[in-house]
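Thank you all for making time this morning.

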Amino acid sequence: MDSYVSENGVERIRIVKEKKWNWLPFGEYYRKNRLTFALTGVFLLIVYGIKIFNVSISHDTEAAIAAPFNLYKSWYTMGRFGLVVLKRLLGTYEFNPYAASFLMVVAMFLNVILWGYLFAWLGGKKWQDGFSSWIFPVVFFTSMIMAEQSGFLLQSYEINVALLLLGAALLCGFRAILTRRKFYSPYYLAPVACCIFAFSVYQSFVPLFAAAAAICFLLVYTNREVEAQEVSVGFCLGTILRLIVIFAASLFLYYGINHFVLAGLHLETTSYITDQIQWGKISLEEGLNNIYLHIYKAMTGKGIFYTSLHLIAYVGMLFCMLRQLFVKKPCRILYLAAAAFVLISPFLMTILMGAEPTVRTQILLPFVAGFALQYLVVTIREERFRLCRYLYVAALCLTGVLCLQQSMDAARLYYTQYIQYQEDVRVAQKISDRIEALGLGEIPEEPVVFVGARTPLKNAVCYSDDELELIGKSFFAISYGTGHGTWVMRNFMTSLGYPYVFGDDQDFAKADQLAAAMPSWPAQGSVAEKDGIIIVKLG
């Protein structure tokens, strides 16, 4: 059939184009990337091995164990109905910290394979080089930001499954686009379905999909196997418009389905997300200053969650953009626009909110940095100057060293969380002994109320609480009020097998008054029964 030629040659052109974008044989991809799989596996074990081999839980996970109904109900109100559905489908509705840690790492490794295959297929032979294809997954998965996100074990496995869905969406979407499929083709329906599910698991995947789609367009544009005349204005515009249609349809249907889910459950959307938007609450000058400060922190490596890798990646991406100005290909403006969008995308939420988002929602930053670094190294390798051969080796070595440093920092974060958990267990046991010493029984009928918070005891290797965002902080150190603190600490105690009675608002108000005359933990009298309430005054 490949040799068939119609009178005007149209049929032959169609067949040749379809053949060019056939799937990359997986066996060939595997053989070229065995080094990548091995290196990435080692780095994943450096960072996440402690989560597999030492069972512990982190923040919000205590609620998944002690009060799952309340937690899952809150997810519905935040538009994360897919996260609850995914837990049902995967059998993780009843939370198990060991299974969650192990399956998280398995899902991460599957993402290494899937996203690597996607980039290798669209980028051509230069992106199939096993010596540099490890850069993106190692930078992304060992970043401190991804470690913070994955520290929330109650959703870490499901987040990575949703990331797999986004990769599958782009595989099917670009297969449909590059082979000129009709809009009713299953190749278009599949990415929309995958995106809806992924968006309903975690809303941070909305900008991530948009950026990843732009990244895939850059790979197709710079693919050496694609002739310059094939990258026409019509081809580029058609590709971008189809990607926009997939994105818009997915987002529209997600919001529609979410509306019906909330209506069916008789729930309303929570203000959890909208409360984080600062525009209208602060001045324009303050908002712009917040945006500038966040970008400055991210690029200069201020704080433990940002690294010099980000600045190197962005400078490298700018170099690659300038290089394309001297390549004789049409649509360079569209290429530059897509590349600029990729660079801006990690800060879209910052611009939308007028403030720095929580660290765990910034997973797009290491995603883009990982791609940009690999893009830079691949670009250096394809240059024909002899000096570039040495630059290529130097870039690989420098990236490897920086990734190792990043991995050690992320491993230190999880070590801090492990030490914190061990100390929290020790404190919980002592509190339980004090409560039992009151003579009201092992599990009293009276509600237990925790007033205040305490500073955890850690060794010198651990990060300090001032450096951390949430992962690594003590369960007994987080309290935005007596009600909130009691909810967190009581759930943590319940996860250890101490199911104390939870009080109400009247109990919290009364406990605040009565605790004023009590000493703070660990002094004698810091745990006492007063007016039918067991009060634990931590500080």
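What you see is a predicted model, in which local features need pLDDT of at least 70 and side-chain atom pairs count only at pLDDT 80 or more, while totals for chains, interfaces and linings use all residues. Residues are numbered from 1 along each chain as its sequence is written, and side-chain values use heavy atoms, with hydrogens and water left out.

Let me start with helix H13, residues 233-265, where helices (H or I, at least four residues) and strands (E, at least two) are DSSP runs numbered from the N terminus. Among the buried residues of H13 are Phe 235, Leu 243, Tyr 254 and Leu 262, where buried means under 20% relative accessible area, exposed over 50%, and partly exposed in between, with a 1.4 Å probe and protein chains only. Those buried residues of H13 pack against H5, helix H6 (81-90), H10, helix H11 (186-201), H12 and H16, contact being heavy atoms within 4.5 Å.

H13 is followed by His 266, which has a positive phi near 60°, although His 266 is not a glycine. His 266 sits in the loop between H13 and helix H14 (284-300), and His 266 is exposed, with a relative accessible area of 73%.

Now to helix H16, residues 332-344, whose 13 residues should span 18 Å and whose end C-alpha atoms are 18 Å apart, in agreement. Which residues of H16 are buried? They are Tyr 335, Ala 338, Ala 339, Val 342 and Leu 343. These residues cover an arc of only 140° around the axis, which puts them on the same side of H16; the arc is that of the directions from the helix axis to the C-beta atoms. The cover over the buried residues of H16 includes helix H12 (205-221), helix H15 (308-324) and helix H18 (364-382).

That brings us to the open spaces, and I need a longer definition here. On a 1 Å grid over the protein atoms alone, a cavity is a set of points where a 1.4 Å probe fits but cannot get out, a pocket is an open set with protein on both sides within 12 Å along at least five of seven lines, and lining residues have an atom within 4 Å of a point. Grid points are joined across faces, edges and corners, and a volume is the space filled by probe spheres set on the points.

The largest pocket has a volume of about 1600 Å³. Of its 49 lining residues, Met 78, Arg 80, Tyr 272, Ile 273 and Gln 276 are the closest to its centre. By class, the lining of the largest pocket has 27 nonpolar, 16 polar and six charged residues, where Ala, Val, Leu, Ile, Met, Phe, Trp, Tyr, Cys and Pro count as nonpolar, Asp, Glu, Lys and Arg as charged, and the others, Gly among them, as polar.

The second largest pocket holds about 300 Å³, and its lining has 13 nonpolar, no polar and no charged residues. H12, H13 and H16 each supply at least two residues of that lining, and the largest share, five residues, comes from H12.

Of the 15 residues that line the largest cavity, Val 112, Trp 115, Gly 116, Ser 133 and Pro 137 are the closest to its centre. H7 gives the largest share of that lining, six residues, and the lining has nine nonpolar, six polar and no charged residues.

A few single residues remain. Asp 60 lies in the loop between H3 and H4 and has a positive phi of about 75° although it is not a glycine; Asp 60 is partly exposed, with a relative accessible area of 35%. Trp 521 and Pro 522 are joined by a cis peptide bond, with omega about 10°, and Pro 522 is in the loop between helix H21 (505-515) and strand S2 (527-530). Gly 354, in the loop between H17 and H18, is buried, with a relative accessible area of 0%.

Technical notes
The expected span of a helix is 1.5 Å times one less than its number of residues.
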